[in-house]
Amino acid sequence: MPRTALRICPLCEATCGLTLTIEGTRVTAARGDRDDVFSKGFICPKGASFGALDADPDRLRTPLVRENGKLREASWEEAFDAVARGLRPVVERYGADALGVVLGNPNVHTMAGALYPTVLLGAVRTRCLFTASTVDQMPKHVSSGLLFGDANAIPVPDLDHTDHLLLIGANPLESNGSLCTAPDFPGKLKALKARGGRLTVIDPRRTRTARLADRHLAIRPGADALLLAAMTTVLFEEGLVDLGDLAPHVDGLPELREVLADFTPEAVAGACDVDPDTIRTLARELAAAPTAAVYARIGSCTVPHGTLASWLVDVLNTLTGNLDRPGGALFPQAATDRTPRPAGPGRGFSLGRWHSRVRRLPEAKGELPLSALAEEIDTATPEGEPLRALLVIAANPVLSAPDGDRLDKALGSLDFMVSVDPYLGETSRHAHVVLPPPPPAQSPHHDFAFNTLAVRNQVRYTRPAVPLEPGGMAETEILARLILAASGMHGSDPGAVDTMVIDQTLGKAVQEPHSPVHGRDPRELAARLTGADGPERRLDLMLRLGPYGDGFGARPDGLTLARLLDHPHGIDLGPLRPRLPQPLKTPSGKVELLPAPLAADLPRLRAALRERPTGLVLVGRRHLRSNNSWLHNVPALTGGTNRCTLHLHPEDAGRLGVRDGEPVRIKGAGGEVTAPAEVTDAVRPGVVSLPHGWGHDRPGTRLAHASREPGVNVNQLLDGTLLDPLSGNAVLNGIPVRVGPGSVPAALAPEN
């Protein structure tokens with residue numbers, strides 16, 4: 001007889017609750033969990049396809065080990081023996097920095113990816129960390145670090161209560177939200193309008209979200225920071241700055257006004273392609289609204305001034321008094337956050353503590369730019385050894401990083417590579433060992449990262465819906481064993497990794513005066529932890545020490561794992577609440593409106609006032625049924641509108657001789673690709689759009705469905721040289737391209 005089980009969806013940032021129908025050990029259907037305290041039954045096509053993804057016949061079921069140049073199936077023991085033999089000699093001969101670690105964004109969608117990579121980095125001690133953050137949201141981390149002293153203190157819009165929402169470079173009707181965890185984002189926007197609120201969308205494309213807006217401005221790609229700076233100037237010029245309750249917690253207001261004074265609406269209008277009166281209206285409406293929030297996402301991050309744009313978003317929220325205010329932008333409080341420390345000055349946030357070897361690119365948040373990965377492997381310099389070994393965990397940089405062709409070749413030159421991946425894909429096909437995690441139905445789930453970005457405080461946990469299949473290994477154990485093999489402790493009990501983390505965490509907690517367990521015996525506390533395994537005991541520990549926890553008995557009604565398990569649909573912890581100054585960790589203990597690194601980058605923004613694109617520029621786009629390169633092997637999630645086509649405006653198509661549906665060649669600094677043309681007025685003239693995550697046409701992969709309609713890799717149009725200098729984030733949007741009919745070589749196509 002079929003049975004049902006609950007599962008939190010791991011396929012996007014909305015984290016919706018699912019009710020799975022299971023026959024035997026197979027998931028046969030998925031629907032929204034109506035009793036989920038957060039998502040309340042909402043589901044999107046990705047969640048509805050959970051069973052198809054879970055049962056994908058192309059998923060790897062056993063490890064693969066390279067032997068005589070070919071990958072073969074192997075036992076787990078053989079695989080980890082090979083890892084230990086391959087990694088340790090590289091580190092011992094060339095040093096820790098000859099080993100690189102690459103983390104993809106699926107890591108933040110799993111418990112294992114949240115709990116173990118930091119332990120791995122501490123064990124191997126490499127400074128060569130590359131993640132998906134530097135092709136996505138690193139500008140927001142850097143701006144938050146500089147403004148608030150904590151790179152992970154990211155305020156989110158209070159969607160359920162705001163009166164005015166300004167969205168920049170965000171398309172939540174397709175993405176389901178990003179750096180803003182909100183099940184049924186579309187419903188929340190419709191509710192905003194139904195209660196008389198106003199929605200403004202700034203985007204060069206008329207997206208589904210833009211079509212819902214009261215006002216849509218088709219800004220010139222890459223000009224977001226200029227527009228926001230001009231809006232800030234209007235607030236100062238017209239006396240509209242009103243910090244309200246924020247005033248005691250803000251520093252740098254006069255200096256900010258001075259450095260932005262020349263970014264007037266008239267000065268930026270030409271570069272933004274937005275008229276001055278409209279810019280003034282945007283600023284006035286923001287200031288006049290009873291409550292308001294500015295929210296920007298990937299379109300404003302993956303541009304040359306991404307960090308400045310991210311900074312100015314929170315500057316506007318602050319100057320209008322909407323930062324840390326209900327209906328504005330607030331700091332969520334996750335159940336597994338560290339014990340809140342007393343408010344006061346902190347250590348702040350630093351950039352450039354070390355640099356990449358080849359281009360001397362600065363570190364940000366402990367990471368080097370993913371755009372630099374290929375050169376760090378294939379380029380020799382006197383400054384040190386190139387990368388000779390790589391640990392790639394849930395990442396596909398051949399498709400997600402600029403110039404995948406170069407990286408593809410570089411990966412083939414490594415001495416040793418390990419990939420933790422359920423598929424043999426464009427990146428993992430180069431590995432010497434592939435370690436496949438089990439399907440998501442066989443894994444537990446708690447959203448450590450996304451609950452720190454949620455629009456309502458809540459906590460949920462689901463245990464595996466079905467048991468591990470014979471021969472499978474839990475992802476948590478895979479990563480624990482990988483830590484042991486990489487750090488010279490191969491063969492030790494993988495449970496020792498969790499025990500070590502628990503002992504270290506409790507050892508620090510009992511010494512902290514503000515901790516609820518200050519002065520207690522850490523061994524006694526460890527003995528009180530519950531859970532079926534090490535990961536659950538670590539979750540119990542974090543819940544108990546967290547802001548809602550029981551403090552190991554100090555607060556009897558507080559959270560524990562046992563209490564959470566008694567609430568299978570989750571526990572609602574209430575709406576977002578003002579928290580300042582507690583989250584601030586700047587040296588001043590205040591919101592520092594004009595940090596020195598941002599002020600030093602403003603001359604570069606001033607230079608952009610004079611820039612005008614002379615030809616076509618490229619922007620990306622999202623599909624509701626995609627998540628980067630993950631889901632193209634699931635038939636139910638491809639086809640229809642989810643296709644790899646080039647959007648271009650009818651005026652541009654006519655001028656270039658491009659017809660709808662016919663092949664079109666696109667050429668950029670990193671190469672050229674050919675894709676079907678889709679002529680549409682959803683993009684403004686002068687802008688073309690190609691989705692990311694495609695390009696499943698490389699030999700040696702096992703992605704049967706994806707390879708039938710592989711699409712093209714948009715990142716091959718990039719050569720990796722364009723970066724936001726503060727964050728190291730790749731510039732993926734607003735890049736110049738040449739376009740022509742597929743039958744005309746792009747190099748010979750007319751100038752556009």
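Guide: Let's start with an open sheet of three strands, arranged in the order β1-β2-β3 with antiparallel pairing. Strands here are DSSP runs of E with at least two residues, helices are runs of H or I with at least four, and both are numbered from the N terminus; two strands pair if DSSP finds at least two bridges between them. The edges belong to β1 (3-8) and β3 (26-32): each has a single partner strand, so one side of each is left without a neighbour in the sheet. On average, and ignoring direction, neighbouring strands of this sheet are turned by 30° against each other (axes are lines fitted to C-alpha atoms, for helices over the stretch in contact, and angles run from 0 to 180 degrees between N-to-C directions). Six bridges hold the antiparallel pairing of β2 (residues 17-23) with β3, and T19 has R31 in β3 as its bridge partner.

Before we move on, two notes on reading all this. This is a predicted model, where local features need pLDDT of at least 70 and side-chain atom pairs count only at pLDDT 80 or more, while totals for chains, interfaces and linings use all residues. Residues are numbered from 1 along each chain as its sequence is written, and side-chain values use heavy atoms, with hydrogens and water left out.

You can compare another set of strands. β23 (residues 663-668) and β24 run antiparallel and are joined by six bridges, and a hairpin connects them through two residues. I666 is bridged to V673 in β24. On the other hand, β22 (residues 646-648) pairs with β24 (residues 671-679) in the parallel sense, over three bridges, with L646 opposite A677.

Now for the interior. A nonpolar core is a set of buried Ala, Val, Leu, Ile, Met, Phe, Trp, Tyr and Cys residues joined through side-chain atoms within 4.5 Å; buried means under 20% relative accessible area, exposed over 50%, and partly exposed in between, with a 1.4 Å probe and protein chains only. The largest such core has 63 residues, and L226, M231, W311 and V591 touch the most other members. Several elements each supply at least two of its residues, among them α6 (138-148), β9 (164-168) and α15 (306-319). α10 gives the largest share, ten residues. Another core, of 57 residues, lies apart from it and includes L60 and V737. In soluble globular proteins, nonpolar side chains tend to be buried together.

N176 counts as buried because its relative accessibility is 3%. Leaving out residues up to four places away in sequence, N176 touches C12, A14, C44, K46, A182, F185 and L624 (contact means heavy atoms within 4.5 Å).

Last, the rings. Rings of Phe, Tyr and Trp (its six-membered ring) pair if their centres lie within 6.5 Å; planes under 30 degrees apart count as stacked, over 60 as edge-to-face and the rest as tilted. That rule gives three aromatic pairs. One of them is the stacked pair of W76 and F80, 6.2 Å centre to centre with 20° between the planes. These two residues lie four apart in helix α3 (residues 76-94), about one turn of the helix. W76, at 9% relative accessibility, counts as buried, and F80 does too, at 4%.
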